[in-house]
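Hello,

Here is the structure I promised to pass on to you. Please have a look at it first, and then read my notes below.

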Amino acid sequence: MKKPLVAVTLAAAAVPMLIGVAALPRPGDPTAPAHTHVAAHYIEAGARETGADNRVTAVLLNYRAFDTFGEVLVIFAALAAVIAVRSPATPGGRADDMPGPGPGLPISPVVAFIIRLTAPFIALFGAFVIFRGHVSPGGGFQGGVILGALLVLLSLVLGRGAERPLLAVPLARWLQAAAPLAFTGVGLLGLALTGALLGYPAEPERHALRELMMITLDVGIGIGGAMIILGLFLEMRGD
Amino acid sequence: MSQAFDLVMLALLIAMALAVARSKDLLAAAIIFSGYSLVMCLLWQHRGAPDVAMTEAAIGAGVTTILVLLAIGRTRRREK
Amino acid sequence: MSHWLPLAAFVPLVAGALTPAMARGRPGLARGWALAVTAFCTFATAALTRRVALEGPFSYAMGAWAAPLGIELRFDEFSAASLFICVIMLLVLVYSGPYVRRALPATRIDWYYSLLLINLGGMIGFVITGDLFNLFVFMELVAVSSYALVAVGGGRTAALAAFKYLVAGAVSSVLILFCIGVLHALTGSLNMADVARRLATVESRPPVLLALAGLTAGFLVKAGLFPVHVWLPDAHAIAPSPINAVSSALVVKLGIIGLLRIFPLFAAAGAVSLAPLFEALAWLGAISVLAGAFFALFQEDIKLMLAYSTISNIGYIVLGLGLAGELALTGAGVHILNHALIKATLFLAAGAMIHQSGHRTLHDLRGIGRAMPWTTLALLIGALSIVGLPPTAGFPGKWYIALGALESGRPGFAVVVLVGALIIFIYFARMLNAFYFRAPSHKEMLGVSEAPASMLGPVLLLGALCVLGGLLTHWPVALIAPAVGRLAGGE
Amino acid sequence: MDDLWGNIDYAAFVGLFCIGLYVVVAKQNLIKKLLGLNIMETAVFAFIVTSGMVDGGTAPIIGPGATGPFASPLPHALIVTGIVVAVSITALALSLIVEIYRQCGTLEADELKGAE
């Protein structure tokens, strides 16, 4: 773009935004509407209504679960998109003839040993982040990324390109859809129990079930997220 | 104290964003962007948003940077 | 509560995620699966549309969380667009079968259907949600799948066109998210009805104005209006033809529906008045009508010509919104639906020609009227509709908009409507001339045959709908009348 | 101007947003444009997270015996979603960039215009 046009664009964005944000309620003001309306209810009644100490998890998996459902599909769509754009035009052929760190990237034996040694601990940490998401920071996405990083490392050590993938392709396709599947199961169970899609039973004697449903969602999100990150990595690397 | 910490963080963020804008070396720009994301994490952690900080550290600073590095590896490193 | 409402968005999205796992390289299975799911959505949205026609708008609380706490789905008269979305998607899927077999690498077909279903679910979700952030999430779902579908055919320029589209789309999305953040900071809520109520008592003017301007600008980029249209022609001309039909007929309309969703938020706000914004929209729309039609005149490539005509028609709709009277808004609403039918007809028919003959410019396609008489007929019906001649589907929308311009004492805008139609008539005449009256540029053109039945069928059906849409205009007009009344009365 | 000083955080995020926008519109390299887009997105995330903070507040993780005030959990949940959306867009954009480079041999927008 030409320089004057850039300047005009930037000014057209910056000036109204600065004037607009200057008149917003001061950040941190406890009497601002952002704290007194819906948020106050989440903080005050969240534990009773959802059983989650971590209110962010309460919002993500209970109050606004439909957003989270959309979000897991966005990242699935990203994987589908990357595969659709990058997969070879002829069956069996590689789309790629460019130099780069392709499948043949050598891994030093020391690194491979360290990856194998630490893998169980990383997996444990990822699982911890997923399962503790409703009482401490973390949850499906964060744990899923940790597991995804682990899968990427393992695919460097154990997998060898398209011929020997880490997981069989049909299994991988199902696991990539783990999060939407978990939402389907939990959503329909909620429909049967409460009469609303993605509802949770509120009766005190069913708290265990409610917790199980939330953990199912988190595990589904974690597995699906990890598989999708592995898929994105492999596609970008050119496997 | 807290105010001063925030101001330093904000100044650092702007400096890093400008560095990304100016750098001709895409690899350097990607690494600086990763650092920018990490500073953002610290800021959010400080503002009572550990969940967001954790997500940004894992996804914004981690996954995004790795994907950008892979893409640079398959294309070219210098900006014209 | 009617569970059809959430399921209409939920089912295609889950089905889209399962498509690659289920189909595993069997394109027939993937297509059958996508067709079955879309048929389900068509029935669901038809039932919902019937209910809104009989009882008026209704809501569904996701997870049984009452409105400001949880996400509210709201099906109002404009949400009936979801029925059109499903019908057009159904026809596009039927058409895709033979098309993708030749046009796409075999390894991508599963993912093509997967992305189409996600696109469908995202569009349905977008038009039925009553929550601002949920709107953003569905918008991004549609966006990600659309960017990918533009590039799915491969080829030299497709990835570049998709990237351009992605940058424009992502910048506008970020702007929209920022404005949603501003509204949240002002009101503490994300539910649209609740935000509208609480904005009424907000006194500070600049942030409200910022949110209104930013959201409008963001959605106008998504709609591809004239000065911010630069991403549109390439993205809509280079992608595979069924995708052109989806993106030109449906996806750009989401920008307009986004505008229809946000204006009521500010209608009750004492801090801002919508009148200056509407004035600006009317002018922008008028410029877009003329500019789009003008650029279309100079295109040799038939798909590029259609892409520019989309810009012109989006201009008509925005002009109708900007005039803001009841007649003009009715015209805009009707034209949203009818232009979807027309553009789907045009792109699918043009796609069939390109698919069969391998040529895409008017010059190369000379004489195709004798080789593919039915497809050409459907294309010309579509072209007549886009000019806006009665009794076709393009007429009522433009007629109401022109009447609206006269009603509000702005005859200049009525002239713009007319001049736009006249310019479009010139390229209709060019097509007519090339297809029927010129000697073929290529000898083999006469040997070209009609497309297979599953491509020709949807094209002819859509051609017929273009006529029916013109004859049965009173149905959509009656359907959206209450919503138009609320919008016009709420100023 | 007093208001702007009071909301200096917001002003800084607007600044970051505009730096990102500048990179997107003025730089020619596609990877650079993508980094600019990410800067814009992160700036908006920071803006929304900041709108949820409260003076002397802590994280909205409220076990038994925790005392307030607490930051609002709603913006946090939105931004967790937003970050995932952002990485999805980035991944897709990068795969397009690699395709463009494979086919055209350059990533500079001005040169690509000539190659079309």
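Helices are DSSP runs of H or I with at least four residues, strands are runs of E with at least two, and both are numbered from the N terminus. From that end on, the elements of chain A run α-α-α-α-α-α-α-α-α-α, which comes to 10 helices and 0 strands.

A word on the model: it is predicted, so local features need pLDDT of at least 70 and side-chain atom pairs count only at pLDDT 80 or more, while totals for chains, interfaces and linings use all residues. Residues are numbered from 1 along each chain as its sequence is written, and chains are lettered from A and ligands numbered from 1 in the order in which they are written.

Now to where chain A meets chain C. Counting two residues as in contact if their C-beta atoms, placed from the backbone, lie within 7 Å, 52 residues of chain A are in contact with 58 residues of chain C. H5(A) gives the largest share of the chain A side, 15 residues. That side divides into 35 nonpolar, 13 polar and 4 charged residues (Ala, Val, Leu, Ile, Met, Phe, Trp, Tyr, Cys and Pro are nonpolar, Asp, Glu, Lys and Arg charged, and the others, Gly among them, polar).

Enjoy exploring!

Best wishes
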